[in-house]
Each structure stands twice: as structure tokens, then as C-alpha cells.
Amino acid sequence: SIDYRLIPEDPAAGDAPVLVHRERVPRSRLDVVRRIMGLPPATVDMGADGIEAAAADCTAALRWVHASARHLGIDPQRIAAGGFSAGGRSMMHAVYANRVPAAAVVAISGYLGVDELHRYVTGAPDEPPVLALWGERDLAYVLEQAPALVEHARRIGLEVEPARISGVGHFYPAHTPLGPGAYAPTVEAAIERFLRERLAR
């Protein structure tokens with residue numbers, strides 16, 4: 001479990017940009033949270049720099065795990081990356097945009113912008129499969145871009161396991177049921193099954 005710089009910390013963007021169009025970063029949720037915190041609305045650069053910084057930090061962390069694999073006693077061929085919301089997006093940037101190796105990716109209400117999706121997720125042989133989970137009443141941009149990830153992955157031949165979770169918004173506990181006929185009975189069970197199947201290869 002890693003940490004990364006957040007937008008209120010006014011981070012520098014880093015030296016490996018991942019955004020194709022900085023001005024297209026969705027800010028609706030960001031502005032709501034900043035209002036709750038008593039902060040003024042974010043600027044375009046604040047939102048974009050925050051995403052770039054998080055991607056840089058997740059990339060550095062994942063590279064460190066690979067470099068330290070022997071010391072940590074782990075198999076570098078069985079490293080998975082993932083996260084919730086911005087964490088899922090940041091790890092997808094690390095794996096697909098910055099090409100840090102991973103055996104699997106778990107995106108829990110995470111997404112890549114459509115521009116980044118088309119630029120970085122190409123169906124190359126080294127790209128890992130992705131588990132994409134999102135809520136039926138998730139944030140507007142997640143509702144748009146999580147299904148876009150699934151559609152794009154299927155079109156280019158990238159293995160994807162999607163689950164749209166009925167009756168929930170952006171936040172849902174691990175024991176939330178996925179519904180009849182789903183990949184697994186709950187969110188937690190879906191993650192466990194996905195990782196067990198993909199990391200066993």
C-alpha cells in the first residue's frame with residue numbers, strides 16, 4: 001500500500017507526462033471536495049498536475065518494488081497493481097502509460113481518460129489483464145470512462161473482466177454483492193479470484 005502526492009499539496013507534475021489533454025481532466029468531484037474542505041475551486045493546472053504527480057509517484061513505487069523484489073522475497077513476474085478511484089487511475093498510468101511491468105491490474109472505480117486509453121492501451125503482448133469495477137451510480141466521468149475501458153480493451157484484444165455493481169455510487173464496501181451471474185459473488189471475491197487466476201499463470 002503506497003502513498004502519493006495529493007492536489008491540496010500543490011505537487012510538481014513530474015518529468016514523465018501521462019495526460020494527453022491536460023484541459024480535459026474532469027474536475028466536478030474535485031471541486032465538491034475542495035468546497036467541503038473550505039478551499040477555492042481547483043484550476044486546470046492544479047487538477048492536471050495532481051494527476052501527473054500521482055502517476056509519477058505510483059510509477060516510482062512500482063519500479064521500486066521491481067528493483068527490490070529479490071530483497072523482499074517476491075516473484076517480479078507476479079506483481080499486480082491496482083487501487084480505488086484516483087489510485088486505480090494512477091496505477092493504470094504507471095502500468096499502461098509508463099510501461100512498468102505488472103501481471104494484473106485492478107481498477108476499482110478507476111479509469112483512464114479516453115485520450116490516454118487510446119494512446120497507451122494498445123493490446124501489446126506485455127500489457128496485463130485488467131479487472132474493472134464500478135458502481136451503477138458512480139461519478140459521471142467514471143460511468144463514462146470505465147465502460148469505455150472495457151469496450152476498448154475488448155476491441156484490441158486486451159483481457160478485461162468488468163463488473164458494474166448494482167445500486168451503489170462511488171463508495172462501496174468489499175462485501176458488496178456483484179449480483180446474479182457475476183464473475184464472483186462480492187467485490188472482494190472478484191478481486192481475489194482475478195488475482196488468483198492471473199497470478200497463477
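Predicted model: local features only at pLDDT ≥ 70, side-chain atom pairs only at ≥ 80, totals over all residues.

Visitor: Let's settle on Glu136: what is its relative accessible area, and does that make it buried or exposed, or something in between?

Guide: In between: Glu136 has a relative accessible area of 34%, so it counts as partly exposed. Residues are numbered from 1 along each chain as its sequence is written, and side-chain values use heavy atoms, with hydrogens and water left out.

Now the partner. Glu136 makes a salt bridge with Arg164, and their closest N and O atoms sit 3.3 Å apart. By salt bridge I mean a side-chain nitrogen of Lys or Arg within 4 Å of a carboxyl oxygen of Asp or Glu. Arg164 belongs to strand E4 and Glu136 to the loop between E3 and H6, so the pair ties together parts that are 28 residues apart in sequence. Those element names come from DSSP runs numbered from the N terminus: helices are H or I of at least four residues, strands E of at least two. E4 covers residues 160-165.

Arg164 is partly exposed as well, at 45% relative accessible area. Set aside its neighbours within four places in sequence, and Arg164 touches Trp134 and Glu136, a contact being heavy atoms within 4.5 Å. Ala182 is 18 residues from Arg164 in sequence, and their C-alpha atoms are 9.3 Å apart.

Val142 is among the residues with the most contacts inside the largest nonpolar core, which has 40 residues; Leu62, Met92, Val95, Tyr96 and Val130 are the others. A core here is a set of buried Ala, Val, Leu, Ile, Met, Phe, Trp, Tyr and Cys residues joined through side-chain atoms within 4.5 Å. Helix H6 (140-156) and strand E3 (130-135) are among the elements that each supply at least two residues to this core, and H6 gives the largest share, seven residues. A separate core of 16 residues includes Val106, Leu131, Tyr172 and Ile191.

Back to charges: the structure holds eleven salt bridges. Another one joins Glu159 and Arg198, at 2.6 Å from N to O. Glu159 is in the loop between H6 and E4 and Arg198 in helix H7 (residues 187-199), so this pair ties together parts 39 residues apart in sequence. Glu159 is partly exposed at 29%, whereas Arg198 is buried, with a relative accessible area of 8%. Arg198 also bridges to Glu197, with the closest N and O atoms 2.7 Å apart, and Glu197 is partly exposed at 32%. Through shared partners, salt bridges join Glu159, Arg193, Glu197 and Arg198 into one network.

To place all this in the whole chain, there are seven helices and four strands, in the order α-α-α-β-α-β-α-β-α-β-α. Of the 201 residues, 48% are buried.

Technical notes: Buried < 20%, exposed > 50% of the residue type's maximum accessible area, 1.4 Å probe, protein only.
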